Amino acid sequence: MKTATMALLFVAATASAHVAPLESFETKPILADLKDLRALNIPVLAKDERIEVGYAIVTPLMQQRIQERAHQVGKCGGFEDLSQDVMLHSNGFDKMLQSLADIQEKNELYERAPFKILSLTKDAKIEAALTEVSESNLRSYVTWLSSFPNRNNRDPQPNRHVDEMKQRLEAMLGNATIPYEISVISHTSTKQNTIRVRLPGSERPNEIVVLGGHLDSINQSWGGDKAAPGADDNASGSANLIEALRILMNKEQPKRTVEIFWYAGEESGLLGSAEVAKQYKAEKKDVVAVLQLDMTLFPGSGELVIGSMTDFTSAWLRDYLKAMNETYLHARVVDDKCGYGCSDHASWNRQGYPALMPFEATFRNSNQNIHTAKDVISPASNFKHSAVYTKIALVMAMDLANSQARQPY
């Protein structure tokens with residue numbers, strides 16, 4: 001790990017003054033892809049070349065430039081906002097970067113180890129559940145969510161869609177045959193709320209499988225039109241989770257707990273997921289696996305071609321995805337990378353939890369209309385393709401949440 005001496009002195013002085021100076025200058029500490037920071041000439045205060053992650057303190061203008069670059073290169077998020085990370089000042093950024101590097105090293109050890117190739121045994125109940133996935137339902141959910149002028153966490157009414165979503169979920173869950181809990185999680189980093197639906201485990205409720213996606217949207221395009229329909233980014237992943245819940249609520253109660261999240265403020269630095277993941281780590285919650293669904297509607301690499309993001313995700317879960325595909329999905333899985341902070345899985349990965357990020361295409365071939373008013377349902381939208389991601393969620397909820405499988409490192 002290499003750090004700049006002047007940067008260390010600056011950050012040490014800032015940290016010793018606690019958070020107030022950062023707020024007074026309207027700056028914030030972030031973690032971001034090192035290539036993005038360098039491309040934008042943003043001063044890097046600490047870095048780790050092995051994982052290509054940099055630490056910086058950014059102004060609102062710098063943050064906007066990062067978000068614009070994220071749009072230009074096809075990213076959804078682009079950085080992780082560390083403003084609410086109280087441990088940053090006591091533990092320091094070196095320890096934070098070292099922790100990320102340690103997680104990657106364990107993944108690399110797993111990939112080199114002579115483990116038996118993962119395989120799944122076909123289950124007739126899971127196969128039957130997969131046939132229940134409805135493309136027309138997915139279209140209706142995306143149509144509804146993308147009808148809001150925007151779902152931006154900085155909007156004067158940041159919870160319009162959140163409140164309506166909760167009402168719709170409550171109405172749907174009224175017909176559930178298994179126990180459930182639905183709650184709204186408030187945050188300190190944003191006025192927007194996160195929704196969580198919890199399906200408690202029948203045998204091992206303390207073991208948790210997380211299925212998640214962000215519910216907010218943003219417009220980063222030039223010009224006066226700031227509509228942010230966010231059909232692909234991320235009404236699509238949000239819709240996948242609604243459809244998975246619709247099917248799961250009338251199946252057998254899982255042995256492990258399944259928690260489904262619709263996160264707040266992903267587009268502003270993974271705000272909602274970062275707070276949730278940090279809280280879970282602080283409470284020592286046993287999260288076995290985390291699925292992130294973010295953009296599933298545009299088959300840029302071909303119909304039924306899944307981009308599996310290999311950076312800041314679990315090598316074990318990536319193998320699990322491939323085994324799931326062989327047994328149930330019969331799509332094509334292609335490994336790719338999207339850089340640090342490209343979606344909410346990074347929040348969970350940083351806390352040491354195994355995360356998986358199956359994407360609509362390879363990174364380069366993803367939807368170029370995200371973060372603009374053009375991110376709407378169009379002839380390029382493919383709900384057959386998107387349905388595969390609902391199936392991924394279902395298999396994790398019905399297979400992994402009913403097994404004793406764990407990451408072996």
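Mentor: Lys285 is partly exposed, with a relative accessible area of 27%; buried means under 20%, exposed over 50% and partly exposed in between, taken with a 1.4 Å probe on protein chains only. This is a predicted model, in which local features need pLDDT of at least 70 and side-chain atom pairs pLDDT 80 or more, while totals for chains, interfaces and linings use all residues. Residues are numbered from 1 along each chain as its sequence is written, and side-chain values use heavy atoms, with hydrogens and water left out.

The partner of Lys285 is Glu283, in a salt bridge of 3.7 Å from N to O; the term needs a side-chain nitrogen of Lys or Arg within 4 Å of a carboxyl oxygen of Asp or Glu. Glu283 has 43% relative accessibility and therefore counts as partly exposed.

The whole structure holds 26 salt bridges. One of them joins Lys28 and Asp81, whose closest N and O atoms are 3.0 Å apart. This pair links distant parts of the chain, with Lys28 in strand E1 (residues 28-33) and Asp81 in strand E4 (residues 79-81), 53 residues apart. Helices (H or I, at least four residues) and strands (E, at least two) are DSSP runs numbered from the N terminus. Lys28 counts as buried because its relative accessibility is 18%, and Asp81 counts as buried because its value is 8%.

Strand E4 also holds Glu80, 270 residues away from Arg350 in helix H13 (residues 345-350). The side chains of Glu80 and Arg350 meet in a salt bridge at 3.0 Å, N to O. Both Glu80 and Arg350 are buried.

Now the nonpolar side. A nonpolar core is a set of buried Ala, Val, Leu, Ile, Met, Phe, Trp, Tyr and Cys residues joined through side-chain atoms within 4.5 Å. The largest has 68 residues, and among those that touch the most other members are Leu245, Trp262 and Met324. Helix H14 gives the most to this core, eleven residues. Leu245 is in contact (heavy atoms within 4.5 Å) with Leu169, Met172, Leu173, Val197, Leu199, Ile260 and Trp262, leaving aside residues up to four places away in sequence. A second, separate core has 17 residues, including Ile51 and Leu270.
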